[in-house]
Amino acid sequence: MTMLDLPGVPVGEAGGTATQAVAVPPGRRRGKGLRPPSALAVVIFILLLGLVAGPTIMVFVGALQSEAPGLPNNHFSWDAVYRVYLSGQFYGSLLGTLGVAVVTAALSVVFGGVAAWFLTRVAVPLRKLWEFGLILPLFLSPFVGALAWLLLAAPNSGMINVNLRWMLNLPQDAVLVDVMTLPGVIFVMLLFYVPYAYLFISAALRNMDPSLEEASSMNGRGTFLTALRVTLPMMRPAIVASFFFVAVLATGVFVIPAVLGLNTSFSPLAVEVYRAMTVFPADPPTGAALGTLLFWFTLAGVYLYRRSVKNAGRYVTLSARATRPRLIRLPVGRWVAAAFFAIYFLLAAVLPYLTLVLMSLTPFAITDLRKVELSFAGIVQVWKRPDVATAFGNTIVLGLVVPTVVVLIGLGIAYVVVRERGRLGAIIDYLGTFPIAVPGIVFATGILWLYVRTPIYATVFVLVIALVGAYMPQGARFASAGLIQIDRSLEEAARMNGAGKLRMLFTVTFPLLRPSLLSAWTLLFVFATREVNEAVILSGPKSRPLSVLAWNYVEQGSLQQAAVVGLFLTVVMAVGMLFARFVLRAKLDSSNL
Amino acid sequence: MSQTIANPPAPSVRQAQGASLSVENLRIKYGETEAVKGISFSIEPGEFLTLLGPSGCGKTTTLRCIAGLEPASGGTISIDGVPVAGPGRHVQPERRGINMVFQSYAVWPHMTVAKNVGYGLKGLSKSDAASRVEEVLELVGLAKFAKRYGTELSGGQQQRVALARAIVTRPKILLFDEPLSNLDAGLREQMRFELLQLQRAVGITSVYVTHDQTEAMSMSDRVVLMRDGVIEQLDVPREIYRRPASEFAATFIGRANLIRATLDASGTRATADGVAVVSEDRYDGEGDRVTAVFRSENVLLGAAAANLENRWSAAVTRVMFLGRNLDVTLALPTGSIRAEVPIDTPVVEGASVEVGVRARDVHFVAADD
């Protein structure tokens, strides 16, 4: 995906600046092909080579090694590649991964699309609340969510099973819900991926000219037929784009299936990568080779996604008049819809976090509500551990440094891509958005190979570098969406008034982009603090953030400690977001995500 | 309009503070397409020159190239004889001593009016800068609004902020990129007048881009009429109106009647389909295929047409009442022509009428085809 063909960037909203929309005279937007690339472009290009191209190449280099990185007898070898691609050992895992991804993506699109239609077209009661509930999971940690659902719906000790047994007088071995299954994993993934589909499709629905639908009703079609024959076909590009977007995410996801254990016949490729990298006897070349296998599929997904986004341009139907669509009054349907939204809100946010708090307050992981005795002993005990203090520090370093650096480099990328263009600009555009195609855990294996012999290895700095590279697309996307909306003559006026490029950037461009950059910073803060996929491969005992510490407790089977650390992590994220929202006044709603 | 108005004072007579500008053989290329194909013109200090033409003719590109916002791909641009763009040379826009009023005004929404205007003042003490800003805001009538933010102003007020910001730095040359095109018609007329007064008062060399011929005619010392990246005609407004250089120039500015005809040996008389057209000026172009151009307000009907050098008989096909005058469409054997005549002229649709044009109001240009 390149930044310039992103879907659903609502015009005139995201930047939050009230600049006048102005027709661009012909010629303004075209390249300055004859001028050599600017110093800024060259610097950004070199940074991206190190942050993005380097690690990606090292994944392939690592796949062709015989031993773990840094070992003396390491040599070139096809073994790992043979094992992964030809031996058949991982075929089941691959098919399972792709199957889960396709099912998850399809269901996300169905649920997200229906939700978007109801929230943009139907007078659903409490619309604002449900909209908030639908984008809230984007700011929550999927890892914490999966952990909470493990506590809630594990087959034997899960809270739901334990308590419903005595409530309904069922035998001791009755299993009512089981999240440690394939449908369970897909269910938890859906909780976190439906919001993405919702964002894509609702943006398209909002941008659609309402008179297209009104024309259908003038021609005698009812609500249902209009939705089916006019709205749905118009939404096709957004639907296809969100399908591939979610499919790419679901292909590379590690943390949800890993937490839920998945006692089925296969484990997803991302989990296999993790096992090969960390579980004794570790086999990093196989991990890297598995990473390359995963990479081909996410790359194909991103390619298909890009193509569908490009097609979406043909369907853009922004009308000059900003008329809001007339809301449909479904007498019964709107209450049914509200009930569904309430259930989603409950399952994705309320129930998991209640469980997390409750489990943190019950010292011995007792899930039977009759026997629960609340106490802070468990929390205090975990709080006092020295590794928790270290993890807190690491999480805060990640949460402050990563978003700041990503936003700054992202601004540079956006400036080169949107304003300077040229051939180097096109290359930077591709490099900057490339990490979308590389699952976090795969990217981490490349970083490992790149930095294993440097002094920063196993420090929090390696993590910072890895996350900066991985989140570059998000940083660039926000900055360029903001920059596109800033009329270029605002910058040119500064030049005409005698300001050099730097003064122009700091006095005009930067202040006008502030709202976009703040939204970007906040979202990246969330990403960086909750990150598990890469940190789990790259962090050593001293560089573990809270998320990895919690994961380690899950691995050891200490779910109560994991819940406490998960709660700490949630508190850090919540404090950060409240700070961004109310002190920095960052805007975080569906119009600027 | 055919009456002669007093010539405006020549720019050299006015108090002039600006620089001279010369553009020589300027070419601007975007990839494969050439937007400006080798144009040359020069401007005296204090002169007001307008680049006029339909959209896509290269006028804005030329202006941006003078500003330094676009690189030239050929030719030179010199300010006061010093080249700022030329082979291997591109002076950054902030170092050219030029300022510009943008079509979108480009008033920075995150700064107050005073901050906007004072942005370009460098090397001045705070109090000096503040008094300069105040002085200029007074000049454009915005002194009360100094503390407001740009977005809290109306379009016309934003326009004045942009103007104040452009003159406060005392540039050597002031550029205008269609500054009035975003305003309502009434306001546009008022701003046109104010803008011109201000330019005359400050005396800055000005280059003005517009596609609006009324703006070009009423404000400029000279007009550069452009089409497809080349200069079609460069002259004072009245000459362009009275003696257009081509059919395009004739039809782009004002309403012109065209009669394609074949010139005879005299060079002042041409005929087509039995219609003879006589002019006072000899045609000195190539060939004998010419187009006779005359303005609709110079077409006289009925008794008024008697004794004129050009007299034809035509059928009245349509009469429209426009309030101030009548717009009459007439059928000649060569095609239809339009006449603007006083409302008391006795014309009836379908009737035949005597049509007359003075020889001095007819002008021959080369026929397109």
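## Strand pairing in chain B

Two strands pair if DSSP finds at least two bridges between them, and strands here are DSSP runs of E with at least two residues, numbered from the N terminus. In this predicted model, local features need pLDDT of at least 70, side-chain atom pairs count only at pLDDT 80 or more, and totals for chains, interfaces and linings use all residues. Residues are numbered from 1 along each chain as its sequence is written, with chains lettered from A and ligands numbered from 1 in the order in which they are written.

Take β12 (residues 256-263) and β13 (residues 269-272) of chain B: they pair antiparallel over two bridges. L263(B) has A270(B) in β13(B) as its bridge partner.

## The whole sheet

Those strands sit in an open, antiparallel sheet of five, ordered β14-β13-β12-β15-β21 (chain B). At the edges are β14 (275-278) and β21 (363-366) of chain B, each with a single partner strand, so one side of each lacks a neighbour in the sheet. On average, neighbouring strands of this sheet are turned by 45° against each other, direction ignored.

## Helices α19 and α20 in chain A

Over in chain A, the axes of α19 (residues 488-496) and α20 (residues 501-530) come within 10 Å and cross at roughly 160°. (Axes are lines fitted to C-alpha atoms, for helices over the stretch in contact, and angles run from 0 to 180 degrees between N-to-C directions.) α19(A) and α20(A) are therefore roughly antiparallel to each other, a label used for angles over 145 degrees.

Terms used
Helices (H or I, at least four residues) and strands (E, at least two) are DSSP runs, numbered from the N terminus. Angles under 35 degrees count as roughly parallel, over 145 as roughly antiparallel, 65 to 115 as roughly perpendicular and the rest as oblique.
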